[in-house]
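Open the model in your viewer and keep the selection tool at hand. Each stop below says what to select next and what is there.

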Amino acid sequence: MLRVSLPDVPGSLGRVASAIGEAGGDIEAIEIVDKGVDGRAVDDVLLEISPGTMPDSVVSACNALDGVEVLWINRYGAGGNLFLDLEVVEELTAQPAQAINRVLDMLPITFRVDWASRIAPDGSVVRATDAAPGTLGWIGLERPTRLEGVDDVTLLCGAPIDGDVIVLGRRGGPDFLDSELARLGHLLGLAQTISRA
């Protein structure tokens with residue numbers, strides 16, 4: 001998975017795709033993560049890299065392009081895919097009574113994080129995905145927010161839902177963008193509304 005910042009102008013993504021291909025990478029999927037008011041976009045690019053190709057060569061090829069900056073690259077689970085927000089909403093509406101549990105289960109795939117955990121006001125874990133810490137303690141939030149990490153490597157964010165808080169953990173990066181926090185709040189709000197329908 002490659003997160004890249006590029007000018008938000010016609011042809012930029014094509015230049016990045018060509019550079020990735022020339023460096024030995026094959027693009028499996030692309031998701032626009034952020035479109036800033038500063039004329040830049042941030043995209044997540046799911047790649048398959050040819051055997052013998054070093055990820056550094058893909059990073060160097062992209063960074064050599066004018067105005068392009070690789071923000072982060074890391075291994076992404078085999079068989080991984082990008083799971084779009086619309087697919088999450090379709091899942092939630094299929095089983096409205098389970099919407100809050102289902103959204104928590106899908107957050108690691110949707111936001112490319114390592115785990116998600118729902119914390120009650122008494123600090124207990126209501127529900128968690130694999131790899132989530134057993135305890136986090138209560139984190140009272142009024143809106144989606146970046147949080148202090150549990151260690152030097154894991155980045156956290158959280159958002160309120162139905163009196164509880166959902167916390168996401170992403171080991172090693174990339175940083176949570178404002179657009180990701182807004183998406184998280186939106187999806188949790190939809191799950192809460194659907195569960196009450």
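Start by selecting W72 and G172: a polar atom of the W72 side chain lies 3.3 Å from the backbone oxygen of G172. That is a polar contact, meaning a pair of N or O atoms within 3.5 Å; within protein, one must be able to donate a hydrogen and the other to accept it, and residues adjacent in sequence count only if both atoms are side-chain atoms.

Before moving on, note that this is a predicted model, in which local features need pLDDT of at least 70 and side-chain atom pairs count only at pLDDT 80 or more, while totals for chains, interfaces and linings use all residues. Residues are numbered from 1 along each chain as its sequence is written, and side-chain values use heavy atoms, with hydrogens and water left out.

**Around W72**

Stay on W72, which lies in strand β4. Helices (H or I, at least four residues) and strands (E, at least two) are DSSP runs, numbered from the N terminus. W72 is buried, with a relative accessible area of 16%. Buried means under 20% relative accessible area, exposed over 50%, and partly exposed in between, with a 1.4 Å probe and protein chains only.

Now show what W72 touches: M1, L2, R3, G172, G173 and P174, not counting residues up to four places away in sequence. Contact here means heavy atoms within 4.5 Å. One of these, L2, is 70 residues from W72 along the chain, yet their C-alpha atoms are separated by 5.9 Å.

Select R3 next, in strand β1 (residues 2-7). R3 counts as buried, at 2% relative accessibility. Its side chain reaches the backbone oxygen of D175 at 3.4 Å.

Then go to P174, in the loop between β9 (164-171) and α5 (178-196). Look at the peptide bond from G173 to P174: it is cis, with omega near 0°.

**The cavity**

How many cavities of 30 Å³ or more does the structure hold? There is one. On a 1 Å grid over the protein atoms alone, a cavity is a set of points where a 1.4 Å probe fits but cannot get out, and lining residues have an atom within 4 Å of a point. Grid points are joined across faces, edges and corners, and a volume is the space filled by probe spheres set on the points.

The largest cavity has about 40 Å³ of space. To see its lining, select M1, R3, D44, W72, R112, R170 and P174. By class, that lining has three nonpolar, no polar and four charged residues. Ala, Val, Leu, Ile, Met, Phe, Trp, Tyr, Cys and Pro count as nonpolar, Asp, Glu, Lys and Arg as charged, and the others, Gly among them, as polar.

**Helices α1 and α2**

Select helix α1 (12-22) and colour its buried residues, S12, V16, A19 and I20. Seen down the axis of α1, these fall within an arc of 100°, so they line one face of the helix. The arc is that of the directions from the helix axis to the C-beta atoms. The buried residues of α1 pack against β1, β2 (25-35), β3 and α2. Just after α1, G24 takes a positive phi of about 100°.

Move to helix α2 (residues 55-63), where the buried residues are V58, V59 and C62. Seen down the axis of α2, they too fall within an arc of 100°, so they line one face of the helix. They pack against β1, α1, β3 (40-49) and β4 (69-73).

Also in α2 is A61, which is partly exposed, with a relative accessible area of 21%. A61 touches A19 and A23, not counting residues up to four places away in sequence.

**D34 in β2**

Select D34, in strand β2. D34 counts as partly exposed, at 25% relative accessibility. Its contacts, not counting residues up to four places away in sequence, are R40, A41, V42, L177 and S179. With S179 there is a polar contact of 3.4 Å between the side chains.

**Two loop residues**

Finish with A131, in the loop between β6 (125-128) and β7 (145-147), and D162, in the loop between β8 (154-161) and β9. Phi of A131 is near 75°, a positive value in a residue other than glycine. D162 is not a glycine either, and has a positive phi of about 50°.

Conventions. On a 1 Å grid over the protein atoms alone, a cavity is a set of points where a 1.4 Å probe fits but cannot get out, and a pocket is an open set with protein on both sides within 12 Å along at least five of seven lines; lining residues have an atom within 4 Å of a point.
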